[in-house]
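Reader: I would like to go through this structure term by term. Please set each value against its definition.

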Amino acid sequence: MITPILMPTWGLTMEEGTIVQWLVDEGAEIVIGMDLVEIETTKIANVLESQQAGILRRRIARPGETYACGQLIGVLADSETGDAAIETFVGGFAGQAATSEEVEEMGGPGHLDLPDGRTIRYLTVGDGDDGNLPAVFIHGFGGDLASWQFNLPVIAQDRKTYALDLPGHGGSSKDLKIGSLSELVSGVVDALALLQLENFHLVGHSLGGAVAAAIAIAAPDCVATLSLIAPVGFGSEIDMSYVKDFIAAQRTRDLQRCLGRLFHDPAAVSRQMADDMAQYKRLDGVPQALQKIADNCLSLEIGDDHLRQISALPLSVMVVWGKDDAILSPEALLTLPADITRHELDEVGHMPQMEAASQINDLLKAHMTKGDCV
Amino acid sequence: MPKISFRQALNDALRAEMRRDPQVVIIGEDVAGGAGGTGIEDAYGGIMGVTRGLVGEFGRSRVIDTPITESAIMGMAAGAAMTGLRPVAELMFVDFIGVCFDQIFNQAAKFRYMFGGKAKTPLVIRAMFGAGFNAGAQHSQCLYSFFTHIPGLKVVIPSTPYDAKGLLIEAIRDDDPVIFLEHTKLYDIEGQVPSDSYTIPFGEAQFLREGRDVTIVALARMAHIALEAADRLAALGIKATVIDPRTTSPLDEDSILDSVAETGRLVVVDEANPRCSMASEIAAIVADRAFQSLKAPIRRVTAPHTPVPFSPVLEAAYIPSVDAIEMAARAVIDWRPR
């Protein structure tokens, strides 16, 4: 039984990693979870843990060498496997390993050119070979598709996943006409059309939840299930002081403080996270785009109508939120109609998909699997 | 996100700002010329190619080659800035400030103050600095502490292509005189840089690495050398925080103080000569404001108090090395009171 050790993909933008040093020798007995090799990317250095048990038969990659994600860097096997078999495996694998271009084609971030000249960035994870309906993920205000980094790889075990950057956000174009909900919705709808997605599960967080709900209401035949995480637009009051502070913050330190309010535990906001957010916020046009959305979308009553309309839809709806959400007061969500599945998570703030990723993943998987059968 | 060189990041920043604002002009020796031009114009684009191609797009009224007279360049730029343009003036080597320092520190730096706020001097002065090219004593110095000393000047020292583009755009948009210094050994390094324009605020340090055992503050090219030292220290089980201040005026004191509050140990790495250096300044600030947090004296790793040697062997010995930084870090960690 031969197991390949591959250059991992950490986060959504990693394309390659450099070996810093191996932490175990050839011939060592490896158990699951053991630290194997230290790898450095442009963003972080991290240790790859072993996913399997066995003997480390081959350390192929050497310190200082750079490999694309998915390439073979080592081989695990049991002690009975002969060296010749290992050689054959390595030789054969090298031919099959994806080059970095192929890895990018398979699912690196791509850009869609919308008819009106805007662009939307998107990411796909998973190959959809299972034949299940794909899932589309829409992030919230000020975020981007990386909000789903702990969810996509898991959901992708069952189905192909797509995550989009809303207009004005992430890698999508930043110019907005007025920043209304319908402008955001039309951008997403155009992107889905270009991706040729006609039937899918839809997941939305916060403002992305309002967008997802609007899409489901407008085109219920396209949406198999609707999962809303801490969604805006269901009668909850938004803490607009957070929105104001977020838009105004330009320094990493201020952003770190501001972002802390999103989480049950403010210490969850690392300097790297705040720095990544600062890099987005400092792009020309971003504060203006966010202000337009704040003025013409978040400040308006998106509609308690949504509640009635959502219940009336012929598709399964699930709403999840964190009990300690400081951005959206959850009280309104407690009054959802009974036919909407709801889950309130303890010790979780406004970012359940990151704070309680495994719980969210379990809930999403179960919800979507039920929806596949209908 | 595209991966481009430090040089290209600067070129992109200049081009983007010149497109956005017709008041932005470039003045300096050999700044015109570049790919796509004809004859003499093909040959230059600045001696390191930073302004390549700009005269082709913007013409000689906005990309101005000057005679070899720094005092005239800086005087012209300071006056132009006060009367409505936004000049980016190039001082080919920072070592040349001697012949134009009055225009910089007595004129441009003080106009706003001395005219009671009625004068605005949106001037950027770009200059190369740093050793490692065997360019000799008069073409290899790090003189940022001279500028940092002067009230009225902002001083920027990027260490990565991402920082270079964002800080130069911020400098051009800033209404005060900004000294923008580029280390000659960094022009070819590459990094991911957004194609769109963006800014980086002054007075915000970058944390390149985080670790609880020792804080290493390192300027410009020294940030990269410090990261190598941090790798070596990590192999010894010592986790270092590496901070690149990015701007020396304003200086992000809070980030340095917060880090020292956590680690208790500080090493400052500065390629400049030691006396009255940024290394000394940062050490003094920390000794003053974070005394209670310190578990060991502060160590400064700098060049020696000599001119930059021309001999390759001596120049290599002059520049702070990975070994020197590693030893200083280990010294502050091993230090015990007697």
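Author: Chain A has 374 residues, for which a compact globule would have a radius of gyration near 21 Å, and its own value is 22 Å, which agrees. The model is predicted: local features need pLDDT of at least 70, side-chain atom pairs count only at pLDDT 80 or more, and totals for chains, interfaces and linings use all residues. Residues are numbered from 1 along each chain as its sequence is written, and chains are lettered from A and ligands numbered from 1 in the order in which they are written.

Reader: What share of chain A is called buried?

Author: Buried residues account for 43% of the 374 in chain A. A residue counts as buried if 20 or more other C-beta atoms, placed from the backbone, lie within 10 Å of its own.

Reader: Why is α1(B) called mostly covered?

Author: Because the C-beta count decides what is buried, and twelve of the 15 residues of α1(B) are buried. Among them are Phe6(B), Leu10(B), Leu14(B) and Met18(B). The buried residues pack against β1, β2, α2, β4, α7 and β7 of chain B. Helices (H or I, at least four residues) and strands (E, at least two) are DSSP runs, numbered from the N terminus.

Reader: How do you know that the span of α1(B) is close to the expected one?

Author: The expected span is 1.5 Å times one less than the number of residues. Helix α1(B), residues 6–20, reaches 21 Å from its first C-alpha to its last, close to the 21 Å expected.

Reader: Where are the domains of chain B, and what makes them count as touching?

Author: Domain 1 covers 3–192 and domain 2 covers 206–334; such bounds come from an automatic or database domain assignment. Contact requires C-beta atoms, placed from the backbone, within 7 Å, and here 24 residues from domain 1 of chain B and 24 residues from domain 2 of chain B take part. The C-alpha centres of these two domains lie 27 Å apart.

Reader: How many residues join the two chains?

Author: Twelve residues of chain B are in contact with eight residues of chain A.

Note on methods:
The radius of gyration is taken over C-alpha atoms; the globule rule is 2.2 Å times the number of residues to the power 0.38.
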